[in-house]
Amino acid sequence: MVNINNIKFNNFRNFTDYRLNFNKKLNIFFGNNGCGKTNILEGISLISKGRGIRNANIQNLIKKNQNNFLIKSNLELHENNFEIKIYTNNKNEKFNKVIKVNDDQSKETIDFLNKSLSYLIFLPEMERLFQTSPSYRRNFVDRLIFSSKNDYNKLINKYKKLILERIKILQNKNFDNEWLAKIENDISELGLEIYKLRFSQLDSINSNINSLKNDHKFQFNVELKIKDDFFDLDLTFENYLSKLKDSRGYDRHYGGTKIGPHRSDIIAIINNDYEASLLSTGQQKTVVLMILLSQCNYLVNFKKINPILLFDEIASHLDSHNRQILLDMINRFQIQFFLTGTDKNLFSFMSTNVEFYNITNS
């Protein structure tokens, strides 16, 4: 089991000095908009690599007119307790996040922490997941991959850097052909790996949704797919590399790279008939919750990973179908949940093993 037992904020976002002790199962934060509910989830999400659920600039996490923030937390991992400290380090006008585990910040210790924590996240904008941009949908799927493959962000970041470097080389009239060939070789290797990981992730979601039908009467059938004219399962490294070379002139002219996983979209087919973009907001939320339930099932039962769930403003558009899925997640898995909403009464259907917190701007 993985549990966050408590958290304390100093000069973090809107909190000057604020402490909370947590239930090992279900924690619900309620209060008016702007009181800091999402800030609490963000603080929890920082107990790992990255910049949290908002992907915020670290400097923007510091309370106004203060120099730095500090987050302290007690984390229970595999029946052992660890004291976590997260704070800012300002070096040459550049702010970085620092994490210490029991006052240790060695690479081995931080790697242990990152490998031990996994988050599944719901944000309000996900209610329109299939009406937002393809990049948002790609990031959504990439976050699911990251929940089981902790080093996936390195793969994505390296790929993005290579794409940018290739464009700079192409737009330089006197470029080094050997260096360009090396860059395109690496792009082909990494791009192919990203394609395969995304396909595997979507296949896992589809498979787990189908297996969960035995216990659920879902509102509709859902099948996730990669929408990409370039990608198919028979795509080889040689074909990828050849296509990259052939598109140099086009890419130089338009200033981009027209093929690759950065051009993909993720679509959901409903009842083998139409795309999820045609669904209402509440129905799109149903699809997202089905996906998160599926991923949770995969992590717990197949990867032996106990994720922590951070669901922000989850109570809106919570019809009977969405309540059923949410309650199933809570009752099915022995994991820790953190939910937010504007009113305690929105969660009246949850009655057991729950702690409510009335959050006020502090």
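Start at the largest pocket, which has a volume of about 1400 Å³. A pocket here is an open set of points on a 1 Å grid over the protein atoms alone, where a 1.4 Å probe fits, with protein on both sides within 12 Å along at least five of seven lines; lining residues have an atom within 4 Å of a point. The volume is the space filled by probe spheres set on the points, which are joined across faces, edges and corners.

A word on what you're viewing: this is a predicted model, where local features need pLDDT of at least 70, side-chain atom pairs count only at pLDDT 80 or more, and totals for chains, interfaces and linings use all residues. Residues are numbered from 1 along each chain as its sequence is written, and side-chain values use heavy atoms, leaving out hydrogens and water.

Next, colour β6 (94-101), α2 (107-116), β7 (119-122), α3 (134-146) and α4 (152-170): each gives the pocket lining at least two residues. Helices (H or I, at least four residues) and strands (E, at least two) are DSSP runs, numbered from the N terminus.

Follow β6 into an open sheet of 5 strands, ordered β2-β1-β4-β5-β6 with antiparallel pairing. Strands pair if DSSP finds at least two bridges between them. At the edges are β2 (15-21) and β6, each pairing on one side only. From one strand to the next, the twist averages 15°. Helix α1 packs on this sheet, touching β1, β2 and β4 (70-77), with its direction at about 115° to that of β1. Angles run from 0 to 180 degrees between N-to-C directions, with axes fitted to C-alpha atoms, for helices over the stretch in contact.

Now pick Thr 38, in helix α1 (residues 37-45). Is Thr 38 buried or exposed? Thr 38 is buried, with a relative accessible area of 16%; buried means under 20%, exposed over 50%, and partly exposed in between (1.4 Å probe, protein chains only).

Last stop: the largest nonpolar core, with 116 residues, where Tyr 240, Phe 311 and Met 329 have the most contacts. Such a core joins buried Ala, Val, Leu, Ile, Met, Phe, Trp, Tyr and Cys residues through side-chain atoms within 4.5 Å. Select Met 329: leaving aside neighbours within four places in sequence, its contacts (heavy atoms within 4.5 Å) include Leu 289, Leu 292 and Phe 337.
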